[in-house]
Amino acid sequence: QVQLVESGGGLVQAGGSLRLSCAASGRTFSRYHMGWFRQAPGKEREFVAAISWTGGSSSYADSVKGRFTISRDNAKNTVYLQMNSLKSEDTAIYYCTATSYGTNWSRDMSRIKYDYWGQGTQVTVSS
């Protein structure tokens, strides 16, 4: 069982930066691929980024490539999402997620099954 708790959301002006953190419980955190999704008001939840359990592979949605960076610190059981050059369309609730133990890394991490979800943290970008 994995529990995920996000933090770091808030209000920022367009062009600014935020770093989200996701603290995970569980002894085998280092064996889970981790991801971030977001959901804007009136829209479906969408994939943002994912990182492999080793940290050696990452995947991004086209809308955030070059602006967002996902990373992890397995010693701290934490995954991060550094968000730069924020735009008003980045406004959403951001959710941390984890795959189940043993899930294979995929070329399309937006389509795999994520089994654990955090409660979300609000990011609001003012224009």
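Which residue in β5 is the bridge partner of R38? It is E46. Keep that pair in mind; I will come back to it. One caution before that: this is a predicted model.

β4 pairs with β5 in the antiparallel sense, over five bridges. The two strands form a hairpin with six residues between them, and in that hairpin G42 takes a positive phi near 75°. β4 also pairs with β9, again in the antiparallel sense, over six bridges. There, the bridge partner of Q39 in β9 is I93. As for cover, five of the six residues of β4 are buried, so the strand is mostly covered.

Next, the core. In general, nonpolar side chains in soluble globular proteins tend to be buried together. Here the largest nonpolar core has 37 residues. L4, M34, W36, L81, M83 and Y94 have the most contacts inside this core. Seven strands are on the list of elements giving two or more residues to the core: β3 (18–24), β4 (34–39), β5 (46–51), β7 (68–73), β8 (78–83), β9 (92–98) and β11 (121–126). β5 gives the most, with five residues.

Take L81 as an example from that core. What does L81 contact, leaving aside neighbours within four places in sequence? The list is L18, R19, L20, W36, V48, A49, F68, T69, I70 and Y94.

Now the salt bridges. The count comes to six. R38 and E46, the pair from the opening, form one, with the closest N and O atoms 2.6 Å apart. Is R38 buried or exposed? R38 has 5% relative accessibility, and because the cut-off for buried is under 20%, R38 counts as buried. E46, at 35%, counts as partly exposed.

The side chains of D62 and K65 meet in a salt bridge at 3.2 Å, N to O. D62 is exposed, with a relative accessible area of 66%, and K65 is partly exposed at 49%. D115 forms a salt bridge with K113, where the closest N and O atoms are 2.2 Å apart. In that pair, D115 is partly exposed, with a relative accessible area of 30%, while K113 counts as exposed at 58% relative accessibility.

Definitions and conventions:
Residues numbered from 1 in each chain as written. Predicted model: local features only at pLDDT ≥ 70, side-chain atom pairs only at ≥ 80, totals over all residues. Heavy atoms only, no water. Core = buried A, V, L, I, M, F, W, Y, C linked by side-chain atoms within 4.5 Å. Buried < 20%, exposed > 50% of the residue type's maximum accessible area, 1.4 Å probe, protein only. Helix = DSSP H or I, 4+ residues; strand = E, 2+ residues; numbered from the N terminus. Contact = heavy atoms within 4.5 Å. Pairing = 2+ DSSP bridges. Salt bridge = Lys/Arg side-chain N within 4 Å of Asp/Glu carboxyl O.
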